[in-house]
Amino acid sequence: MTSTDSTQPTTAPFLSLEAVRKTYPGVVALDRFSMEVRPGEVIGLVGENGAGKSTLMKILGGVTRPDSGTITVDGAAHDALTVEQSIGSGIAFVHQELNLFENLDVAANIFFGREPLRAGPLRLVDRAKLREMVAPLLKRVGANFSADAPVASLSLAQQQMVEIAKALSIKARLVILDEPTSSLPMAETEKLLDVIKGLKAQGISVIFISHRLHEIERVADRVVVLRDGTLAGTLPKSHINHDEMVRLMIGRMLKEREKAGEAARAPGSVALSADAIRTSTYPDRPVSIELRRAEILGLAGLVGSGRTELARVLFGIEERLAGSVTLDGKPLNVTSAADAVANGIFLVPEDRKLTGILLDLSIAQNISLPNLPAHARRSLVSVGAELSTAEKQKKNLGIKAPSVLTRTGTLSGGNQQKVVLAKWLAMNPKVMILDEPTRGIDIGAKAEIYGLMRALADAGVAVLMISSDMEEVIGVSDRIAVMHEGQISGILDKDDFSQENVLLLAVGKKPKLLQAAGGAQ
Amino acid sequence: MSKKDLGLLILILVVGAVVTAINPRFLSAINLANTSNLVALFGILSIGQAFVIITGGIELSVGSVIALLGTLFIDFIAVREVSWPLAFVLILALGAIIGFVHGWLITRLKLQPFVVTLCGLLIYRGVARFYTADGTAGFAFGQNFPTLEFLTAGRSYGLPNSFIALIVIAIVMWVVLHRSVFGRYLYAIGKNEEAAKYSGIRTGRVIIAAYVICGVLTALSAIYFAMYTRSISPASHGQFYELYAIAAAVLGGFSLRGGEGSLVGAVLGTVLLQELQNLVNLLGIPSSLNFAVMGGVILIGVLVDQQWGVFRARRRMLEASRRGVAGAPAE
């Protein structure tokens, strides 16, 4: 953040949008929207889901034609861009969901479909030349992996670097990063932010879309805020701060997080206790954890530290190799998710679309699925009972959908997550495990999900929340357990909450505690 | 009845009308009775297959199971003089065991359904041929089983009893597939097995149950086929029947990816296939072209269905966008 304020008005903008409008059936997705991107400028683009970010991206990518307005790229004005024009003028996208071939190596991914070929009728790929072409690209993104590493072996941040290198390979002048950090753990996020700074130093413009506002604070030269399809405001570098962005995004101040340092609650009795269990990822490391009633235990740690595996073992999806589990003091042998569900242990999984809900089923069918026998008479499904449960949950959770018969696949991420929660809330949870519950969800829905977790804890449920979002872990948890390489490296009480302490534990170092004796092993 | 089923029904009626116009014998009592008997035999197979396909699986061993169980059935009652009700139950139990083993291999040992049932196809055919020493299983002269013969090959009120059995089975299985908790689990697993598992469904058990259902229904139709042909040469008996069953299910709107399809469709698919067989015979088309006609019609049917879906989706979108433009200012 040294010389970021220097590139100002003198340079002509690389891209400018003027009074762009786009409507869909019944909705104005974007209206009177104008913005500029100058060479080497990092624009932070924020807005709740549905604010018009995706529409804007589609217009810039040439996928969608705006109804009116002007798009000027590199001095040439257009009514609309075509995909070819978008690519040809150097606009490149790195999407939240990566488009890489995991089974191929880095080089093959970067030049997929554009491989240099050797002369001759067989048109063999010229591996040597390919490597030569890839090397400088990897250097530009500061990659710490080789061109022939299989993509499957790379971390998420490294895979994102591959995507960015791919963007650079087509001589990108504007790289649009769509929520690149939403699935990255803290340390990896740092690397990505460095890459963004590197792009900027090379004169490449960046549009950085993220729900993680503190990241925007750190890298953006300017912040553009969208709300309900219109420009809610633009913040210059000097005015970028968290509260201001939130205010513009939702048009009001939001009390989303609990005040840290609030009087610590009296912890409830132990609901679920796992003693020296081992997971297949770290078969040599026993891990123990206690979940207490009426408490939100945050589980932090780097991706790959074994948090998700621990959750999956507790939920019975993954095999427990050793150790014992007790529920309410009684030994519990969970060997399948069905066992866990029967005992009131529920999981909101990390991957909502693949494992959380069935996209092709309706809201009502998703909600009744885990408890279908209760919605049936003589083994025949009672649609009436199903609908009434769903209606109740829809109202309780504020699921925004035309009806409970709506296919869940058509809902926004936040509403899909609410459906996942609804199916468990309808069944009286004892232990609720949430794995990255707010990933890819907009701020308004996030606040609601935090509220739900708190309400669950208040009702006596033991809540375990796995999260890679530092603000979230610190803001929401009553205690924080941190995992490092398959084991709990420490547990922080509310007084010891700090980003630094969580990070220290996450990399296996000692935290700085208020009391001399603290964290448990 | 869904629109898809209705379309299929109309197709069946149209083809029927055309065939009748060319050869009125199509509607003769004897032809209808024969065809409906065949529809029943293949229909029971298709219903079994449908339960497997809905989970995203496939059962390729059907034809061989029909040869093996048919051979065993005739051997039991004709040679070993087991009472036919006992033999009947034994054969159904064997069918259930075969289905259970397939389901178990697929869910517990994580083998692919295609591979497991392909091996089954080879194994059961081989065992059947070995069992009869490549001979023919049949009844001795004068051997009679009046009750059994009435139930399988007889008629009531002009309707083949096998067809009545199909109707009963279809109704029961329709309720199971479309109205029961188990049926909902089948659809959920077909749509997304992982998510179903994460919702606390014992997916393994449900899938095994689907294969058991398929096995039992296959065994039942094996008995029907045995009593229909009355003699079985295991080298060829039931060959390609799995493909008839799969084709009927696909015609009826079942997706091989799982999670889609209606039981009425599977039955109507069988009706159409048998109608086509019948058409080849009645219109004097060389019977060597039999398979080609069937393949062609299935291909056209699936194509039309798919294109129709695309067309409707596009029309819906256009309509929505017209309405949207009109309604936009109000928003």
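Over residues 325-331 of chain B the pLDDT is below 50. Where pLDDT is low, the predicted coordinates should not be read in detail. For the complex, the predictor gives an ipTM of 0.85 and a pTM of 0.78.

Residues are numbered from 1 along each chain as its sequence is written, while chains are lettered from A and ligands numbered from 1 in the order in which they are written. Because the model is predicted, local features need pLDDT of at least 70 and side-chain atom pairs count only at pLDDT 80 or more, whereas totals for chains, interfaces and linings use all residues.

Chain A contains an open sheet of six strands with mixed pairing, in the order β16-β19-β20-β13-β21-β22; two strands pair if DSSP finds at least two bridges between them. Strands β16 (345-348) and β22 (487-493) of chain A each have a single partner strand, so one side of each is left without a neighbour in the sheet. Strand β16(A) runs parallel to β19 (residues 431-435) of chain A and is joined to that strand by four bridges, with A:V348 opposite A:L434 in β19(A).

Notes
Helices (H or I, at least four residues) and strands (E, at least two) are DSSP runs, numbered from the N terminus. pLDDT is the predictor's confidence in each residue, from 0 to 100. Two residues are in contact if their C-beta atoms, placed from the backbone, lie within 7 Å.
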